Amino acid sequence: MAPPTRTIPIVSAACGPSEDKIQMRSITGVFTRWRWAMVWLTQALFYGLPWLTMHGRQAVLFDLQADRFFLFGAVLYPQDLIYLAGLLVISALLLFFATTLAGRVWCGFACPQTVYTELFQWIEHRTEGDRQARLRLDRSPWNGQKLLRRGSKHLAWALLALWTGFTLVGYFTPIRELAQAVPHQLGPWESFWIGFYGLATYGNAGFLRESVCQHMCPYGRFQGSLMDASTLYVAYDERRGEPRAPRPRGSDPVQRGSGACVDCTLCVQVCPVGIDIRQGLQAACISCGLCIDACNQVMDKLRAPRGLIRLASERELYHAGTPALTLRAHLGRRRVIVYGGLIALASTLMALSFIHRPTLRLNAVRDRAVLARQVENGAVENVYRLQLMNASERPRDVQVDVTGAHGLRLTAPARVHLAAAGAHMQTVTLRLPPEQARVLAGQVLPIRIGIAGTDGHAIEHAETSSTFMVPR
């Protein structure tokens with residue numbers, strides 16, 4: 001029977017190496033390849049999406065000035081921000097789901113802080129050398145070679161950071177227009193946000209690095225409440241590894257009275273946040289698995305079984321004789337089912353709502369300068385300003401009509417042409433005949449203003465409620 005669900009204890013203080021600046025050692029292995037695969041995937045999406053075009057315009061563009069957002073052929077207006085709220089809810093549930101399955105894997109493989117730190121560290125490795133070379137460079141006095149290496153590193157960092165800021169702004173200003181404006185003159189807001197986001201990237205990925213994970217990110221502090229005794233996390237098998245002692249290749253640690261760990265500290269040297277995984281699960285651990293790659297390489301050289309550091313659960317590590325859960329049992333846990341079900345439900349509802357969202361929109365506001373007025377023969381008129389929105393990529397002609405009071409009509413037929421993904425403001429006047437105005441004097445009549453139009457395929461309607469005021 002599985003052990004009872006409980007919160008996983010996590011050490012809140014990160015235990016780093018002796019040097020103040022963490023110089024991470026390069027490593028290869030399965031987890032390293034997965035990390036780089038996620039770097040390539042996330043950055044191909046981020047840097048590439050603004051350059052895609054659909055229907056003659058940028059495929060993904062958040063046009064704040066025109067209050068329109070283009071998303072792969074879908075046209076969204078500020079009224080559609082409910083979908084953003086739904087997306088945030090689904091993202092939070094996905095984070096809970098991933099944490100319940102395998103701990104802080106989001107941080108280790110897809111978090112922007114992790115991704116950009118990995119890119120900046122790759123540049124640092126190319127310009128300053130491997131870990132030992134960087135440590136020697138840190139200790140050496142300033143000279144021409146150090147100035148050249150450090151200068152080239154910071155120049156490459158600055159170029160990458162500015163390109164990142166430029167790409168971000170390209171989601172809000174058409175990126176091709178932005179690129180053409182760079183050699184000449186950028187607008188003040190574009191210049192500010194490119195510089196601001198570039199500086200934030202430069203500072204976070206170049207200097208703060210692990211400090212964000214250790215001290216600034218709240219996720220590491222509450223992840224324990226999302227984990228249970230069956231959650232997988234990067235763990236050191238203390239029963240197998242202790243006591244630590246160096247030994248020759250091929251020797252049996254049991255006969256030597258020692259554990260499998262040879263205390264080489266490679267697991268610490270490759271850690272991006274500088275912790276020692278052998279001291280237990282810590283809040284700063286981002287579950288990147290680089291210590292697993294390092295330890296497995298050492299075990300291979302010693303001709304010893306892999307897995308001294310591995311993805312394991314508390315149930316497996318601290319309950320002697322308890323086997324690891326099968327994949328089916330792991331996915332069949334109560335928390336996993338609940339989070340998975342909520343994700344499926346929220347995604348289905350959001351997808352259905354998005355697919356069936358209306359592409360013809362209407363808002364009506366009475367002209368407050370003239371609430372109601374009497375005209376010839378005692379007829380009464382109210383003036384309204386209509387905002388008509390076409391949330392499709394096809395132009396359409398629409399006809400305005402009104403219902404709600406006998407005899408109420410438009411003073412003139414109102415036909416409006418809406419451009420593809422266009423919005424239009426239209427002023428209309430509604431008139432109540434004299435005989436109805438005398439009977440309904442002093443009342444406020446509920447009415448509905450509607451529009452109907454076709455995009456060449458089907459007729460679509462949109463309407464909104466308002467009131468018609470009849471003076472005494």
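## A nonpolar surface patch

Leu 52 sits in the loop between α1 (30-48) and β1 (53-54); helices (H or I, at least four residues) and strands (E, at least two) are DSSP runs, numbered from the N terminus. What you're looking at is a predicted model, where local features need pLDDT of at least 70, side-chain atom pairs count only at pLDDT 80 or more, and totals for chains, interfaces and linings use all residues. Residues are numbered from 1 along each chain as its sequence is written, and side-chain values use heavy atoms, with hydrogens and water left out.

Leu 52 teams up with Met 54, Leu 71 and Phe 72 in a nonpolar patch on the surface, and together they have about 320 Å² of accessible area. Accessible areas come from the Shrake-Rupley method with a 1.4 Å probe, and for residues only the protein chains shown count as cover. Patch members have over 30% relative accessible area and no salt bridge; like charges are joined within 9 Å and nonpolar side chains (Val, Leu, Ile, Met, Phe, Trp, Tyr) within 5 Å. Leu 52 itself is partly exposed, at 42% relative accessible area (buried means under 20%, exposed over 50%, partly exposed in between; 1.4 Å probe, protein chains only).

## Arg 68 and Ala 421

Arg 68 belongs to strand β4 (residues 68-71). Setting aside residues up to four places away in sequence, Arg 68 touches Leu 61, Phe 62, Asp 63, Leu 76, Tyr 77, Ala 421 and Gly 422 (contact means heavy atoms within 4.5 Å). The Arg 68 side chain also reaches the backbone oxygen of Ala 421, at 2.2 Å.

Ala 421 is in the loop between β13 (415-418) and β14 (423-432). With 0% relative accessibility, Ala 421 counts as buried. Its phi is near 55°, a positive value in a residue other than glycine.

## Salt bridges

Side chains of opposite charge can pair when their charged atoms come close. A search of the whole structure turns up 22 salt bridges (a side-chain nitrogen of Lys or Arg within 4 Å of a carboxyl oxygen of Asp or Glu). One of them joins Arg 57 and Glu 393, whose closest N and O atoms are 2.5 Å apart. That pair links distant parts of the chain: Arg 57 is in strand β2 (residues 57-58) and Glu 393 in the loop between β10 (380-390) and β11 (396-403), 336 residues apart. Arg 57 is partly exposed, at 24% relative accessible area.

Asp 138 and Arg 150 also meet in a salt bridge (2.4 Å, N to O). Asp 138 is in helix α5 (residues 131-139) and Arg 150 in helix α6 (residues 144-169), so this pair ties together parts that are 12 residues apart in sequence. Asp 138 is partly exposed at 29% relative accessible area, while Arg 150 counts as buried at 13%. Arg 209 lies in the loop between α8 (188-208) and α9 (210-216), and its phi is near 45°, a positive value in a residue other than glycine. Arg 209 is buried, at 6% relative accessibility.

## Around Arg 278

Arg 278 is in the loop between α12 (266-269) and α13 (290-301). It forms a salt bridge with Asp 276, with the closest N and O atoms 3.0 Å apart, and both partners are buried. For Arg 278, the relative accessibility is 10%. Leaving aside neighbours within four places in sequence, Arg 278 is in contact with Tyr 236, Arg 244, Cys 261, Asp 263, Thr 265, Cys 267 and Val 268.

The disulfide count comes to 0 (a disulfide is a pair of cysteine sulfur atoms within 2.5 Å). Take Cys 213: the closest cysteine sulfur, in Cys 111, is 6.5 Å from its own, too far for a bond. Cys 264 is in no disulfide either, as the nearest cysteine sulfur, that of Cys 267, is 6.3 Å away. Cys 213 is buried at 9% relative accessible area, whereas Cys 264 is partly exposed at 34%.

Thr 100 is in helix α2 (residues 82-102) and is buried, at 0% relative accessible area. Beyond residues up to four places away in sequence, Thr 100 touches Leu 226, Thr 231, Arg 333, Arg 335, Val 336 and Tyr 339. Thr 100 and Arg 333 are 233 residues apart along the chain, with their C-alpha atoms separated by 9.5 Å.

One backbone detail to look at is the cis peptide bond joining Glu 242 and Pro 243, with omega about -5°. Pro 243 is in the loop between α11 (238-241) and α12.

Note on methods. A polar contact is a pair of N or O atoms within 3.5 Å; within protein, one must be able to donate a hydrogen and the other to accept it, and residues adjacent in sequence count only if both atoms are side-chain atoms.
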